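The sequence and the structure are shown below.

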Amino acid sequence: MLSTFQIYERLYEQHGPQRWWPADTALEVMVGAVLVQATAWTNAAAAIANLERSGALSASAIREMPIEDLETLVRPSGFFRAKARKLKALCEFLNSRYADDIDAMSRHSTDTMRVELLSVYGIGEETADDILLYALGHPVFVVDAFTQRLFYRLGMCCSPKTGYRRLQYMFHASLPADVELFGEYHALIVRHGNSVCKTRPNCGKCALSSICPQIGVRPEN
């Protein structure tokens with residue numbers, strides 16, 4: 001069995017650098033982390049583009065905008081009413097707790113910031129860790145459905161629904177706590193899950209096929 005780092009190396013060799021997160025500012029990362037929930041990145045990107053064109057890609061603009069207008073702008077991301085509320089809640093938190101100073105946020109401990117982020121409406125573990133890693137520069141490994149599926153198929157976890165923190169611990173325990181490595185690894189897993197290790201996997205194009213015990217696996221229920 002390959003180590004987690006050797007799996008990273010094979011994914012990197014197959015797909016090349018992904019250079020995530022595609023954003024110009026830390027706030028844009030945070031907004032994207034909310035908008036990408038339960039949708040493809042292309043849909044989230046379309047909503048971000050709407051916000052940018054409207055001059056609304058700032059915490060103050062999102063807070064001050066009527067909720068109906070915000071819903072219209074983020075509609076391409078799906079679940080637009082809920083996501084508009086989530087963005088409002090996030091930006092209210094940024095103001096009330098940090099006066100919109102994201103640099104100040106980044107100086108707090110990872111554990112403190114994770115607890116605070118999880119207290120915000122609409123922010124779960126994956127979204128909180130996206131923000132911690134890509135916006136605040138904290139070395140936390142982001143786990144998503146692609147991670148669960150890939151590492152279950154590789155026989156490195158017992159279920160495709162393995163708990164978030166349990167799977168995250170596997171990466172934290174076996175890899176150096178490096179922001180760049182964690183960000184690139186997560187991005188590679190997403191790329192691999194979207195293009196190769198899909199629900200119906202394309203095993204013939206997988207750089208990990210030689211070690212995968214589930215070649216040609218049927219889709220999980």
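## Contact of α10 with α11

In this predicted model, Thr147, Gln148 and Phe151 of α10 meet Leu167, Met170 and Phe171 of α11, where contact means heavy atoms within 4.5 Å. The residues of this contact comprise four nonpolar, two polar and no charged. In this division, Ala, Val, Leu, Ile, Met, Phe, Trp, Tyr, Cys and Pro count as nonpolar, Asp, Glu, Lys and Arg as charged, and the others, Gly among them, as polar. Helices (H or I, at least four residues) are DSSP runs numbered from the N terminus, as are strands (E, at least two).

Two packed helices are described by the angle between their axes and the distance between the axes. For α10 (residues 145-153) and α11 (residues 164-174), the axes come within 11 Å and cross at roughly 70°. Axes are lines fitted to C-alpha atoms, for helices over the stretch in contact, and angles run from 0 to 180 degrees between N-to-C directions. The two helices α10 and α11 are therefore roughly perpendicular to each other; angles of 65 to 115 degrees count as such, those under 35 as roughly parallel, those over 145 as roughly antiparallel and the rest as oblique.

## Basis of the model

Residues are numbered from 1 along each chain as its sequence is written. This is a predicted model, in which local features need pLDDT of at least 70 and side-chain atom pairs count only at pLDDT 80 or more, while totals for chains, interfaces and linings use all residues; side-chain values use heavy atoms, with hydrogens and water left out.

Nine of the 11 residues of α9 are buried, and the helix is mostly covered. Buried means under 20% relative accessible area, exposed over 50%, and partly exposed in between (1.4 Å probe, protein chains only). Among the buried residues of α9 are Asp129, Asp130, Ile131 and Tyr134. The buried residues of α9 pack against α2, α8 (110-118), α11 and α12. Gly137, which follows α9, has a positive phi near 70°.

The axes of α2 (residues 26-35) and α9 (residues 125-135) come within 9 Å and cross at roughly 160°. Helices α2 and α9 are therefore roughly antiparallel to each other. The contact is made by Ala26, Val29, Met30, Ala33 and Val34 of α2, together with Thr127, Asp130, Ile131, Tyr134 and Ala135 of α9. Of the residues in this contact, eight are nonpolar, one is polar and one is charged.

## Backbone geometry in the loops

Most residues other than glycine have a negative phi, and most peptide bonds are trans. In the loop between α1 and α2, Arg19 has a positive phi near 55°. Arg19 counts as exposed because its relative accessibility is 65%. Trp20 and Trp21 are joined by a cis peptide bond with omega about 0°, and Trp21 also lies in the loop between α1 (4-15) and α2.

Asp100 is found in the loop between α6 (80-98) and α7 (102-106). Its phi is positive, near 65°. Asp100 is partly exposed, with a relative accessible area of 30%.

## Ser209

Ser209 is found in the segment after α12 (179-195). Its relative accessible area is 28%, so Ser209 is partly exposed. A polar atom of the Ser209 side chain lies 3.1 Å from the backbone oxygen of Cys206. The C-alpha atoms of Ser209 and Glu180 are separated by 26 Å, with the two residues 29 apart along the chain.

Definitions and conventions: A polar contact is a pair of N or O atoms within 3.5 Å; within protein, one must be able to donate a hydrogen and the other to accept it, and residues adjacent in sequence count only if both atoms are side-chain atoms.
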